[in-house]
Amino acid sequence: MNIHEFQGKSLLKAYNVDIQEGFIAETPDHAVIAARQIREKFRSEYFVIKAQIHAGGRGKGGGVKLAKSVEEAGMLASKMIGMQLVTPQTGPEGKRVGKVLVAQDVYYKGDSDIREFYVSILLDRNKGRYIVMYSPDGGMSIEEVAEKTPDRIFTEEITPGIGLQPFQCRNIAFILGLSGAAFRNMLKFLEGIHETFTGCDAQLLEINPVLKTSDNRILAVDCKIVLDDNALFRHPDLAAMRDISEEDPAEVEAGNNSLNFVKLDGNVGCMVNGAGLAMATMDIIKLSGGSPANFLDVGGGASAKTVEAGFRIILRDPAVKAILINIFGGIVRCERVANGVVEAYKSVGKINIPVIVRLQGTNAAEAKEIIDNSGLAVISAVSFREAAEKVKEALSER
């Protein structure tokens, strides 16, 4: 689960990590109030206005601006709130900005003794371990650094059950070229972000840039945290941070109906029960000359309600030219699924694209009879090969 920058910073602060302070604002008036609070509390004359969306590269799209007065903070917020922000990570459609973070200016005027670093904690799947990835070249895309100067990216492995060790923190601070108070503050910073990462059951924690100020403070100027969905039952307070306005509406609806759904860019919608069968189904779609438009797993307890929800989600995609329902009746009997398909088909209404249904397993023969006698424009199949051929035929007629 993705969370916003301001939420990530609040988690860092809870673990005693120094951050660029700020307040959230959903209207220009709130931004003015926030700027005044920052000026009074943190003695900052300038303010940074940051769009809060679940995507990086906001500065390149105009989502990060510097305000040199309280009034300008309100003016910039009025332009930013409600805009469709396009960044390298949003795609051409962009994302609507619903709120902004009004933050203190931590780049002191005339300051020449500041440095920016990149620090993240993430999973190295090849090693099966979490690592700290860091670079002296903060403030820019880590992908760009990796492409142009890969020797400027360093890592430290985190041993499971032991965690990030003090000697590793010292090594990171040394490679980043720090000394004295900045060195010691970096050790505290690294320990704090590791505690945040483990304490919140995060999958990714990325801070870019990490700022060393001229008075040797180490601050998190930005923050991206991705939480492990499977661990949210342990953190109801973190689950409450979810912002569904930032998520794909189809995926939100699928989650509300206990469906596992991932949008793809193909032309054949597929509905299955079980992740393994879903992968095989996508393979036969490709072999038939089509391309899967989604991954949709209805689980072991497929019912008329879940099948109907699946239909509605798939049909929302205008690129879908056919639907393949591929169910193995193990826990759930095939005739129950067949009845669910018929009921869902009638409930959804007229479906103008071919629907191919393959049901195998317990009571598969009875299920095929139900489909064939339903009077609906549903095409039944028995084998994988037959299902692939039916999909191919359906696509060739479109």
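Does Y130 count as buried, partly exposed or exposed, and what is its relative accessibility? Select Y130 to find out: at 33% relative accessibility, this residue counts as partly exposed (buried means under 20% relative accessible area, exposed over 50%, partly exposed in between, with a 1.4 Å probe and protein chains only).

Before moving on, a word on the model. It is predicted, so local features need pLDDT of at least 70 and side-chain atom pairs count only at pLDDT 80 or more, while totals for chains, interfaces and linings use all residues. Residues are numbered from 1 along each chain as its sequence is written, and side-chain values use heavy atoms, leaving out hydrogens and water.

**First stop: Y130 and F197**

The structure holds two aromatic pairs (rings of Phe, Tyr and Trp, the latter by its six-membered ring, with centres within 6.5 Å; planes under 30 degrees apart are stacked, over 60 edge-to-face, the rest tilted). Y130 belongs to strand β8 (residues 129–135) and F197 to helix α6 (residues 180–199), so the pair ties together parts 67 residues apart in sequence. Helices (H or I, at least four residues) and strands (E, at least two) are DSSP runs numbered from the N terminus. F197 is buried, at 4% relative accessible area.

**Next stop: Y134 and F154**

Now select Y134 and F154, a stacked pair with centres 5.7 Å apart and 25 degrees between the planes. Y134 lies in strand β8 and F154 in strand β9 (residues 154–157), so parts 20 residues apart in sequence are tied together. Y134 is buried, with 1% relative accessible area, whereas F154 is partly exposed at 27%.
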